[in-house]
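Morning, everyone. Please have the structure up on your screens, and we will walk through it together.

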Amino acid sequence: MAKLPDELSDLSSLERLDISHNSFLTLPSVVFKMKKLKILNANTNKIFEIDFDHLDLGNNSLQSVDLRFNPLTGICYDILKAAKVNFKIEVSDRQKEEWEDLDI
């Protein structure tokens, strides 16, 4: 699975969403419309970046966002690790790409 229908935002009481082990490249925009979402499990996808303009880092309902085992870009990883939020963000240790280790 790589997309979620926008109609999911109509599930106004949804508190837990598990989209792990799929082929998402980014977090689906509908996730940002779920006001009561507490737990988002998006581990083991192909997510390489997060649209921080949509991500409400002050969302009071979120308790945990699991982004482990995704190939996050270096910038995205750094922003997530440094984010001052009132919920837990889980990310795996980032493995540098071969080209990042080149000494010039």
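Let's start with a term. A salt bridge here is a side-chain nitrogen of Lys or Arg within 4 Å of a carboxyl oxygen of Asp or Glu. The general idea is simple. Side chains of opposite charge can pair when their charged atoms come close. Keep in mind that this is a predicted model.

Now find Asp66, Arg68 and Glu90. Salt bridges link these residues in a network. Take the pairs one by one. Aspartate 66 and arginine 68 meet through their side chains, at 2.7 Å from N to O. Glutamate 90 also forms a salt bridge with arginine 68, and there the closest N and O atoms are 3.8 Å apart.

Arginine 68 is partly exposed, at 29%. Glutamate 90 is partly exposed too, at 23%.

How many salt bridges are there by this rule? The count comes to three. Lysine 38 and glutamate 15 meet in a salt bridge, at 3.8 Å from N to O. Why does this pair tie together separate parts? Lysine 38 lies in the loop between β1 and β2, while glutamate 15 lies in the segment before β1, so the pair joins parts that are 23 residues apart in sequence. Lysine 38 is partly exposed, at 29% relative accessibility. Glutamate 15 is partly exposed as well, at 39%.

Next, serine 64. It is in strand β3, residues 64–66. Serine 64 is buried, with a relative accessible area of 14%. What does it touch, leaving aside neighbours within four places in sequence? The list is Lys38, Ile39, Leu40, Phe87, Lys88 and Glu90. Two of those names you already know: Lys38 and Glu90.

On to the core. In soluble globular proteins, nonpolar side chains tend to be buried together. In this model, the largest nonpolar core has 23 residues. Leu17, Leu27, Leu40, Ile47 and Leu67 have the most contacts inside it. Which element gives the most to this core? That is α1, with three residues. Now zoom in on leucine 17. Beyond neighbours within four places in sequence, leucine 17 is in contact with residues including Leu4, Val31, Met34 and Leu40.

Last, step back to the whole chain. It holds one helix and four strands. From the N terminus, the order is β-β-β-α-β. The chain has 104 residues, and 34% of them are buried. Now take contacts between residues at least 6 apart in sequence. Of those, 47% join residues at least 24 apart. The accessible surface comes to about 7000 Å², and carbon and sulfur atoms account for 50% of it.

To close, go back to the network and trace it yourself: Asp66, Arg68, Glu90. Thanks.

Terms used. Residues numbered from 1 in each chain as written. Predicted model: local features only at pLDDT ≥ 70, side-chain atom pairs only at ≥ 80, totals over all residues. Heavy atoms only, no water. Helix = DSSP H or I, 4+ residues; strand = E, 2+ residues; numbered from the N terminus. Buried < 20%, exposed > 50% of the residue type's maximum accessible area, 1.4 Å probe, protein only. Contact = heavy atoms within 4.5 Å. Core = buried A, V, L, I, M, F, W, Y, C linked by side-chain atoms within 4.5 Å. Areas by Shrake-Rupley, 256 points an atom, 1.4 Å probe, with all protein chains shown as cover.
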